[in-house]
Amino acid sequence: MLDRARLGEPLAMKPTLARNRGARFEDAAFSAGSWFSRPMLGRGVASGDLNGDGSPDLVVNALDSPRRC
């Protein structure tokens, strides 16, 4: 178990979400919602076609936070 009280959450930062636009990447966190606007620890992401529509979907999570689809 992570002892966050001892660590004091010094590494919390806002998650980054980038969209590939060919020769460059653009910030896509703004269009993804407010979940990406607050500092947090333990960010993770998984991708797959969760709803069967042929487009990739993302599931993101952080410590002590519900998952977001």
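Modeller: Before we start, a polar contact is a pair of N or O atoms within 3.5 Å, where one atom must be able to donate a hydrogen and the other to accept it. The model under discussion is predicted.

Biologist: Which backbone nitrogen lies 2.9 Å from a polar atom of the side chain of D57?

Modeller: D57 is placed in strand β4, which spans residues 57–61. Beyond four places in sequence, its contacts are A46, S47, G48, D49, L50 and N51. From within that set of contacts, the backbone nitrogen at 2.9 Å from the polar side-chain atom belongs to L50.

Biologist: D57 is buried yet has no salt bridge; how far away is the nearest side chain of opposite charge?

Modeller: A salt bridge requires a side-chain nitrogen of Lys or Arg within 4 Å of a carboxyl oxygen of Asp or Glu. For D57, the nearest side chain of opposite charge is that of R19, and the separation is 12 Å.

Biologist: Where is R19 placed, and is R19 buried, partly exposed or exposed?

Modeller: R19 belongs to strand β1, residues 18–20. Ten residues along the sequence from R19 is A29, with 9.0 Å between the two C-alpha atoms. Buried means under 20% relative accessible area and exposed over 50%. Because the relative accessibility of R19 is 34%, its class is partly exposed.

Biologist: Which residue meets R19 in a salt bridge at 3.2 Å, N to O?

Modeller: Side chains of opposite charge can pair when their charged atoms come close. R19 is partly exposed, at 34% relative accessible area. At 3.2 Å from N to O, the side chain that R19 meets in a salt bridge is that of E26.

Biologist: Read along the sequence, what pattern does the protein follow?

Modeller: The protein contains two helices and four strands. Of its contacts between residues at least 6 apart in sequence, 33% join residues at least 24 apart. In sequence order, the pattern is α-β-β-α-β-β.

Biologist: What percentage of the residues in the protein is buried?

Modeller: The accessible surface comes to about 5,500 Å², and carbon and sulfur atoms account for 53% of that area. A residue counts as buried under 20% relative accessible area. Among the 69 residues, the buried share is 17%.

Biologist: Which element has the lowest mean pLDDT?

Modeller: The mean pLDDT of the protein is 79, and 75% of the residues reach 70 or more. Strand β2 (residues 25–27) has the highest mean among the elements, 91. The lowest mean, 61, belongs to helix α1.

Conventions
Residues are numbered from 1 along each chain as its sequence is written. This is a predicted model: local features need pLDDT of at least 70, side-chain atom pairs count only at pLDDT 80 or more; totals for chains, interfaces and linings use all residues. Side-chain values use heavy atoms; hydrogens and water are left out. Buried means under 20% relative accessible area, exposed over 50%, partly exposed in between (1.4 Å probe, protein chains only). Contact means heavy atoms within 4.5 Å. Accessible areas come from the Shrake-Rupley method with a 1.4 Å probe; for residues, only the protein chains shown count as cover. pLDDT is the predictor's confidence in each residue, from 0 to 100. Lys and Arg count as positive and Asp and Glu as negative; His and the chain ends are not counted.
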